[in-house]
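Here are my notes for anyone opening this one for the first time. Have a look at the chain below, then read the points in order.

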Amino acid sequence: MRKNSIKNVRINSEVKKELAELIRDGVKDPRVSPFTSVTDVEVAPDLKTAKVYISVLGDEEKKQSTLDGLKSAMPYLRSQLARTVNLRITPELRFLLDNSIEYGMRMSELIDEVTERDKEMEERK
């Protein structure tokens, strides 16, 4: 199975959906921020590992504590994933921070600032 095959894409999306739900509803660790999003999942073609990209709204300390909480909840998440997703092998989960949402929000703010400055310059003329 190739990494970008249709089967692999479906597995990635199904694992992403289930993990997002499990993290939101199932993980009771207070270290895990309620503002945690699963942005992407890459399951290896052999189904042995999965990279789970998460985005956490907050400072660096909040991000690190959320990562620690998710790493300690990994056995629970993996067992629940085995129950809900019918795979031959349940992948080992690796959690990685994804800053793309924060980056996008920052770019949007910068664009808004530039647009506002342009409007002010137009009004002065």
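1. Let's settle one term before anything else: a contact means heavy atoms within 4.5 Å. With that in hand, residues 24 or more positions apart account for 62% of the contacts in the chain with a separation of 6 or more.

2. A word on where this comes from. The model is predicted, so local features need pLDDT of at least 70 and side-chain atom pairs count only at pLDDT 80 or more, while totals for chains, interfaces and linings use all residues. Residues are numbered from 1 along each chain as its sequence is written, and side-chain values use heavy atoms, with hydrogens and water left out.

3. Now the layout. The chain has four helices and three strands, where helices (H or I, at least four residues) and strands (E, at least two) are DSSP runs numbered from the N terminus. Going along the sequence, the pattern is α-β-β-α-α-β-α. The chain is more spread out than a compact globule, because its radius of gyration is 19 Å, well over the 14 Å that the globule rule gives for 125 residues. (That radius is taken over C-alpha atoms, and the rule is 2.2 Å times the number of residues to the power 0.38.) Along the principal axes, the C-alpha atoms fill a box of roughly 70 × 35 × 20 Å.

4. How much of the chain is buried? Of its 125 residues, 34% count as buried; the cut-offs are under 20% relative accessible area for buried, over 50% for exposed and partly exposed in between, with a 1.4 Å probe and protein chains only.

5. The largest nonpolar core has 24 residues, and Leu19, Leu77 and Phe95 have the most contacts inside it. H1, strand E1 (36-43), strand E2 (49-56), helix H2 (60-72), helix H3 (74-84) and strand E3 (92-97) each supply at least two of its residues, with the largest share, five residues, coming from H1. Such a core is a set of buried Ala, Val, Leu, Ile, Met, Phe, Trp, Tyr and Cys residues joined through side-chain atoms within 4.5 Å. Not counting residues up to four places away in sequence, Leu77 touches Leu19, Leu22, Ile23, Val27, Leu70, Leu93 and Phe95.

6. Glu18 deserves a look. This residue sits in helix H1 (residues 6-25) and is buried yet has no salt bridge, the nearest side chain of opposite charge being Lys17 at 4.2 Å. For a salt bridge, a side-chain nitrogen of Lys or Arg must be within 4 Å of a carboxyl oxygen of Asp or Glu. (Lys and Arg count as positive, Asp and Glu as negative; His and the chain ends are not counted.) Leaving aside neighbours within four places in sequence, Glu18 is in contact with Leu81, Thr84 and Val85.

7. Lys17 does have a partner: a salt bridge joins Lys17 to Glu14, with the closest N and O atoms 3.8 Å apart. The two are three residues apart in helix H1, so about one helical turn separates them. Lys17 is partly exposed at 47% relative accessible area, and Glu14 is partly exposed at 29%.

8. The structure holds six salt bridges. Among them, Arg106 and Glu109 meet at 3.5 Å, N to O, three residues apart in helix H4 (residues 100-124). Another joins Arg117 and Glu113 at 3.9 Å.
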